[in-house]
Amino acid sequence: MAQMSARAQARYNAMAAAARRRRRLQTLLPWLVIIAMFGIWEIACVAFDIPVFILPAPHNIWHAAVRWWQPLLQDSLVTLYSTLAGFGMAIVAGLLLGVAIGSSTLVYKGLYPLLIAFNSIPKVAVVPVLIIWFGIGMWPAVITAFLISFFPIVVNVATGIATVEPELKDVLRALGARPRDIILKVGLPRAMPYFFASLKIAVTVAFVGAIIAESVAPNAGIGRLMMVASSRFDVPLVFAGLITTGLMGIVLYWIAEIIERRTTGWATRGTDQHLAAGG
Amino acid sequence: MTRPFVEIDQVAMRYGGVDGTLALEGCSMNVGLGEFVAVVGPSGCGKSTLMRLVTGLWPATEGNVVVAGAEVDGPLTIAGMAFQAPTLLPWRRVLANVMLPLEVAPQHRDKLSRQRGMYEARARELLRLVGLEGFDAKYPYQLSGGMQQRTSLCRALIHDPALLMLDEPFSALDVFTREDLWAVLQNVWMTKKPTVILVTHDLREAVFLADRILVMSSRPGRIIAERVNPLPRPRTLETTYTPEFQALVHDLRGYIAAARSGEEVTI
């Protein structure tokens with residue numbers, strides 16, 4: 001018994017150490033992958049002598065970013081502002097429409113085909129129309145960000161509400177609950193995990209929308225900066241814009257995830273501990 | 001003679017239009033006030049349909065359903081229901097889950113905020129009655145299946161329903177937990193005396209719990225036999241090994257067998 005437990009103890013210690021190593025690796029891994037990507041990129045550019053106007057090396061991009069940091073920052077803020085404005089509108093409209101579609105078969109049947117058709121339209125084709133309506137300025141970017149990001153929110157909220165267990169609805173209806181009660185007490189809270197999952201998608205595509213509009217109607221923002229830079233063959237600056245956009249996307253995604261974990265921990269409790277340990 | 005609490009008279013229920021499935025036909029039964037009735041039958045015989053008709057969730061295709069002297073023409077507001085799945089809300093703690101009906105039932109919703117203390121005490125009392133004392137701050141996922149079903153039972157009882165409708169509430173549980181919950185349910189019924197309609201396919205469960213057992217035929221369902229249960233209360237696990245208990249189960253089993261063979265002939 002004593003001998004067995006000593007061996008078991010050693011085995012347990014070894015497993016715990018392995019788990020700790022794995023957790024450390026999990027924390028470091030995203031950084032290692034990013035560093036490795038830039039490293040390989042740098043080496044490849046130097047080794048194959050790739051011209052800067054085809055693919056600038058990371059150090060070229062860094063120089064461009066440092067040199068043009070002021071417009072880069074200004075335009076990033078403009079893009080961020082348009083994106084968040086469009087995204088905010090998408091949250092409000094997406095929640096309202098999602099609740100309507102999820103709770104009423106009639107609304108679902110009536111609106112869904114139109115919504116799908118609308119979502120299939122490339123948003124870049126809509127931008128000229130928006131410019132005719134709203135003029136060149138921030139509005140085309142805001143509205144494109146809105147149009148592109150509200151569909152995933154609608155679909156997810158509607159799914160969350162439409163999949164409430166029929167038995168649970170029966171329980172509440174047999175108590176004299178009004179449809180509104182069922183949506184407020186059960187449908188909406190139930191849809192929250194779906195809602196936050198959609199926010200993570202929506203916030204990243206909102207950037208795509210804003211930048212598309214800024215590129216088509218170059219007035220301000222990262223999209224315009226990249227258009228101007230590419231017209232001057234300043235490819236390093238184009239890449240600096242792309243990387244800045246990626247960074248903003250990661251930050252917003254990360255914020256959405258933190259809010260999700262705080263508010264709907266009940267839905268991910270199985271992986272929550274794992275996530276907490278991993279991150 | 002007093003009128004039965006629930007009267008079902010020659011009810012038929014057909015799903016999906018004229019050519020749809022006939023779930024019930026010529027189904028009649030009465031349940032007295034405070035009586036515990038079990039409905040047993042082969043699977044797919046329309047037991048759950050009967051539940052929805054009595055609670056007014058669906059209208060009958062033919063016939064009348066009368067509850068508490070009034071014809072049922074819309075969802076009742078006096079019923080408590082529990083199903084095979086506990087259907088608890090995962091984002092609410094046990095106490096909040098139990099109190100959900102109070103937030104929506106018309107006769108309680110306005111009083112809830114003023115008398116929250118009284119209602120919470122009532123919820124805790126119920127949790128104690130089903131053996132969940134001290135679990136009111138847990139989330140459903142922290143409970144075992146049996147404990148979740150106990151919580152579901154409390155939710156069905158919190159508003160003191162005059163009519164308790166149970167649709168195979170214990171069929172997803174293991175045998176030992178199920179037998180525990182029979183005793184719990186019997187205890188609740190003897191304390192509060194609601195009118196109970198229990199739908200089940202477990203004959204031992206029906207005989208353990210009910211005052212009267214109704215046997216349904218296979219689809220289209222109707223009542224083909226009725227047995228009054230003479231066993232004294234409170235019944236215990238020991239009761240289930242007595243010859244009287246076994247004889248009643250055996251007797252009912254014969255009707256189920258007949259109903260099932262009928263199913264093979266008609267289909």
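This is a predicted model: local features need pLDDT of at least 70, side-chain atom pairs count only at pLDDT 80 or more; totals for chains, interfaces and linings use all residues.
View 1. Taken along the principal axes, the box filled by the C-alpha atoms of chain B is roughly 55 × 45 × 40 Å.

**View 2. The two domains of chain B and the contact between them.** The domain assignment divides chain B into domain 1, made of residues 1-78 + 163-267, and domain 2, made of residues 85-161, and the centres of these domains, taken over C-alpha atoms, are separated by 25 Å. In the contact, 18 residues of domain 1 of chain B meet 15 residues of domain 2 of chain B. On the side of domain 1 of chain B that touches domain 2 of chain B, β7 (163-167) and α6 (175-192) of chain B each supply at least two residues, and the largest share, nine residues, comes from α6(B). The residues of that side of domain 1 of chain B divide into twelve nonpolar, four polar and two charged.

**View 3. The contact of chain B with chain A.** Chain B gives 22 residues to this contact, and chain A gives 18 residues. On the side of chain B that touches chain A, β6 (79-82) and α2 (94-104) of chain B each supply at least two residues, with the largest share, four residues, coming from α2(B). That side of chain B consists of 17 nonpolar residues, four polar and one charged.

**View 4. The domains of chain A.** Chain A is divided into domain 1 (1-49) and domain 2 (58-278), whose centres, taken over C-alpha atoms, are 34 Å apart.

**View 5. Packing of helix α8 of chain A with helix α10 of chain A.** Helix α8 (residues 179-216) and helix α10 (residues 235-263) of chain A pack at an angle of about 165 degrees, with their axes 10 Å apart. Because angles over 145 degrees count as roughly antiparallel, α8(A) is roughly antiparallel to α10(A). The crossing in which α8(A) passes α10(A) is right-handed. Residues of α8(A) in the contact include Met192(A), Phe196(A), Leu199(A) and Phe207(A), while among those of α10(A) are Met248(A), Leu252(A), Tyr253(A) and Ile259(A). The residues of this contact divide into eleven nonpolar, four polar and three charged.

Technical notes: Residues are numbered from 1 along each chain as its sequence is written. Chains are lettered from A and ligands numbered from 1 in the order in which they are written. Axes are lines fitted to C-alpha atoms, for helices over the stretch in contact, and angles run from 0 to 180 degrees between N-to-C directions. Angles under 35 degrees count as roughly parallel, over 145 as roughly antiparallel, 65 to 115 as roughly perpendicular and the rest as oblique. A crossing is left-handed if the near helix is turned anticlockwise from the far one by less than a right angle, and right-handed if clockwise. Two residues are in contact if their C-beta atoms, placed from the backbone, lie within 7 Å. Ala, Val, Leu, Ile, Met, Phe, Trp, Tyr, Cys and Pro count as nonpolar, Asp, Glu, Lys and Arg as charged, and the others, Gly among them, as polar. Domain bounds come from an automatic or database domain assignment.
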